[in-house]
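Open the model in your viewer and keep the selection panel at hand.

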Amino acid sequence: MGYIHPIESAECRLGFTRPEAKGAPSHNMITSNSTGFGNLSSVTWTDMDGTGLTEFENDALNTRISNQANLSTALLSAILGATNGGLDSFSLTDLGNHPTGQTPALNLQTLKKALGVNLSAATQLTLQEWRRLAISLENDAALQASKRSVNDGGGVKTVNGKWFINGQEVNLLDVYMACRVNQVSNFDGSLKLHMNDLTASNKLVKAANEWLAKIRALKPTDTSSKIAWSKITAAGNSFSSTFGYLPSVFMPTAWGSADAGESYNYLKFDTWVEECKNYVSQKDTDNQVTQQKLEQLTNRRGEVLEGLTSFIKSQSQNGQVTARNLG
Amino acid sequence: MAQLAQAIYKAIDVARKNGISSFLPSDSDVLTPPDSSTHAEIESAFSEVVGRSWSGSELNLRQWAWAARQLENESGRILSSLPRAQGGGIQNVNGRWFVNGQAYSFVEICTANRVHTYFAIDDLLQFNLNTISANNSLTHKLNEIQNKVADSKSGNIYFLVEHLWDDKSDSNAKLSRSKLKELALGLVGTDSVLAVKIDADSIVRGEDWDSVKEELSTMIAAKSADNQIAQQRSESIVNVRSNLLDGLSNLLKGQQNLNGSISRNF
């Protein structure tokens, strides 16, 4: 079981290059979250849907992943077979055309492309060296797969304890935090919308109450007097230039049915006042609904943040227990 | 091999009872080889495992006991090469542990077992995180759309519904026309104004603005609720994962303490 006893010397035998030593990035270099993945310092959206591959790039990637996965499986199977047969090494030539449809030449090419390993088909490697290569192939296949969008089988990938997203290796905390930060960012988007609605509604209610006061001031003080509609529309235009809303917003029925040449008594004014009050009442109800939505969103946002901090805490506790036990 | 080992143990019992201190393989009064094996098979197994011929000289009881243990161990090792369904898997013989035809310590076996469980938990967590991430992407897109609708209403201009989805082909779009319509019908219902507008490729204005905005809010809330469930699931998986890690390091610590205690005492 090679993952318990890593063989460092295999690297030299297999010609692994250390990209950091040469100063050049490598396809299998472990990146250290260079794009600030899952950064909570500003709650910004992190796209976790792959690297935007074209259809052609996707097809080429799928072929590469398939070759690597098949070769890895074939190597692990060959290791078991070699153990049963009492062999302690084998070559790619010994694998023959396994996995099905992959010649030794294709397998060599797959190893070179994925891991930068230069072998010949006849090179004999020990079982542990082959296991290390097989695991590295699995890891690289997962890294490549994470470049695809979620709909194409990409997204977050994990294998052999490693985590990959958008074609880079990250740790679980980065992935977890990115998911939570995106959730919080979405909640913030919805909160902003609802708060804008609340603000707009409050402005309308304030203006409606102002118009209500104006209508009450214009209302005839006795039962016989009447007020011309032209006087009311003039007041409405003046109101509109101050508050930015036409009174027809608060009393659409009245405004739509009134006759331009008519005059109206106190009873009509009462009807208009009632219509305006109903509008304010409706807006208050709408505001209550929006307020409830805001509270619900805020609570859910809080739950997400709590979940994140509790995850970080559990990771930290794990680290402390492990350090105490094994340090 | 296991049967031969049992036969040797019986022979040792017989020898002890009769005060015999050593015997030959051919001493039929003491040792009865297993019926299921031929002489050639017994010779092959014995010489391979014990390192001497079956037909050789006498062995004392201690040597016979050692030989029987070696045969048992090798039998366990070979059995561990078989799949679990055929009686293979992890084997424990005479305090030694075997799996996949190789010998390992108890700690190594337990660690490997825990690590397998750990990887399985990681697979579950991966599925959950991808679910949350997919819901996040969809919600993000719906938020963008809702903002577009809200902005167009505040500007009092009409809004072409075709601006709502990505103009890439269906397979590459984050939110395609067909997906948006499917969401509207699924989450809002068959009377969705948005779905009707999408079908007709028409515009949104007037009284439809608020309906479309409300429907988008409903869709966002539904995806958010899905995420709540996935979030709770992922939190419980993370707890199990943490406990497993703690358990693993406790196991290793316990083994260290045991080794220390043994070396101190002996």
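Start by selecting A:Cys276, which is buried at a relative accessible area of 1%; buried means under 20% relative accessible area, exposed over 50% and partly exposed in between, with a 1.4 Å probe and protein chains only. Before moving on, note that this is a predicted model, in which local features need pLDDT of at least 70 and side-chain atom pairs count only at pLDDT 80 or more, while totals for chains, interfaces and linings use all residues. Residues are numbered from 1 along each chain as its sequence is written, chains are lettered from A and ligands numbered from 1 in the order in which they are written, and side-chain values use heavy atoms, with hydrogens and water left out.

Next, select B:Cys110, which also counts as buried, at 13% relative accessibility.

The accessible surface of chain A is about 16500 Å², and carbon and sulfur atoms account for 52% of that (Shrake-Rupley method, 1.4 Å probe; for residues, only the protein chains shown count as cover).

Within chain A, select helix H5, residues 104-115, and pick out A:Thr110 in it. Is A:Thr110 buried or exposed? It is buried, with a relative accessible area of 7%. Beyond its neighbours within four places in sequence, A:Thr110 is in contact with A:Asn67, A:Gln68, A:Leu71 and A:Leu137, where contact means heavy atoms within 4.5 Å.

Bring chain B back for the last stop. A search of the whole structure finds one cavity of 30 Å³ or more. A cavity is a set of points on a 1 Å grid over the protein atoms alone where a 1.4 Å probe fits but cannot get out, and lining residues have an atom within 4 Å of a point. The largest cavity holds about 80 Å³ of space.

To find it, select lining residues including A:Gln183, A:Phe187, A:Leu297, B:Asn136 and B:Ile220. H7(A) gives the most to this lining, with four residues. By class, the lining has three nonpolar, seven polar and no charged residues.

Note on methods. 1 Å grid on protein atoms, 1.4 Å probe; cavity = no way out; pocket = protein on both sides within 12 Å on 5 of 7 lines; lining within 4 Å. Points joined across faces, edges and corners; volume = space filled by probe spheres on them. Helix = DSSP H or I, 4+ residues; strand = E, 2+ residues; numbered from the N terminus. Nonpolar A, V, L, I, M, F, W, Y, C, P; charged D, E, K, R; others polar.
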